[in-house]
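The following exercises ask the reader to work through one protein model step by step. Each task is followed by a worked solution.

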Amino acid sequence: MKAGARDAWDTTGPAGGWLDATRALHPGHPVWPGDAPFVIVPTARIPEGASVNLSSTTGTTHLGTHVDAPWHYDDDAPRIESIGLDVLIGDGQVVDLTAGEGPVEADELPGGPYAGRVLLRTGQPDAWVAFPTDLRALTPGAVQRLAAGGARLIGTDAPSVDELDSADLAAHHACGRAGVTIVEGLALGRVPAGPCRVICLPLRLVGTDAAPARVVVQPLRSA
């Protein structure tokens, strides 16, 4: 994109109040250490004599903003196609946790009840130059508090709900036990805290452990 050009997908302007909470994907976008890199390869180009421009892509299913399937962390659990639209679309709220440090504890969260979709802004930038090694993971207690208060989907701007070096994936499993869907890698820097509507649409992949998603948020005025 040319310097100073506006991304046509940037809906921070007049667009019914919808804000894009999705990380922009580009070749070389940082991925989890050791995971498959994101690559865009031109396969046909008009200046080279083709009738159309075509490209192919490869990369991890956990690229950028993505939805985890329960099968990602539990081999007996459902895969990505099991997650219903009733979980992915509806009322939500954005919670600002940027003032805290370390793992998110239950007592750091506001009192419930919570809307069905809770998006946690922990302070990650909307664009990663390198994969972040400093992130705010969730404790199982935080997951339990959100779920008990009504959350069916928990999203975070961090690349994971667990620590980078976690071996037991305690927060992932806490979400699984509570029946909560996980969205990771959100871009929430320009999304205000408070009530909102959420549309989270993962690619309609079949049989996978995750899928990249487009997530948009419409802030609402508090009653």
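Helices (H or I, at least four residues) and strands (E, at least two) are DSSP runs, numbered from the N terminus. The model treated here is predicted.

**Exercise 1.** Locate histidine 62, decide whether this residue is buried or exposed, and identify its polar partner.

Solution. 
Step 1. Histidine 62 is placed in the loop that runs between β3 (54-58) and β4 (66-68).
Step 2. Buried means under 20% relative accessible area. Histidine 62 has 16% relative accessibility and therefore counts as buried.
Step 3. Leaving out residues up to four places away in sequence, histidine 62 touches Asp35, Asp68, His72, Asp209 and Ala210. With aspartate 209, there is a polar contact from side chain to side chain, at 2.6 Å.

**Exercise 2.** Describe the largest nonpolar core and state which element gives the most to this core.

Solution. 
Step 1. In soluble globular proteins, nonpolar side chains tend to be buried together.
Step 2. Here the largest nonpolar core comprises 22 residues, and Leu119, Cys200 and Val215 have the most contacts inside it.
Step 3. Two or more residues come from each of α1 (85-88), β9 (194-202) and β10 (210-219). The element that gives the most is β10, with four residues.
Step 4. Beyond its neighbours within four places in sequence, leucine 119 is in contact with several residues, among them Val94, Leu153, Leu188 and Val217.
Step 5. A second, separate core has 20 residues, including Tyr73 and Tyr114.

**Exercise 3.** Determine how many salt bridges the structure holds, and examine the one between arginine 214 and aspartate 20.

Solution. 
Step 1. There are four salt bridges in the structure.
Step 2. In the bridge of arginine 214 with aspartate 20, the closest N and O atoms are 2.6 Å apart.
Step 3. Arginine 214 belongs to strand β10 and aspartate 20 to strand β1 (residues 19-20), so the pair ties together parts that are 194 residues apart in sequence.
Step 4. Arginine 214 is partly exposed at 33% relative accessibility, whereas aspartate 20, at 13%, is buried.

Definitions and conventions:
Residues numbered from 1 in each chain as written. Predicted model: local features only at pLDDT ≥ 70, side-chain atom pairs only at ≥ 80, totals over all residues. Heavy atoms only, no water. Core = buried A, V, L, I, M, F, W, Y, C linked by side-chain atoms within 4.5 Å. Buried < 20%, exposed > 50% of the residue type's maximum accessible area, 1.4 Å probe, protein only. Contact = heavy atoms within 4.5 Å. Polar contact = N/O pair within 3.5 Å; in protein donor to acceptor, adjacent residues only side chain to side chain. Salt bridge = Lys/Arg side-chain N within 4 Å of Asp/Glu carboxyl O.
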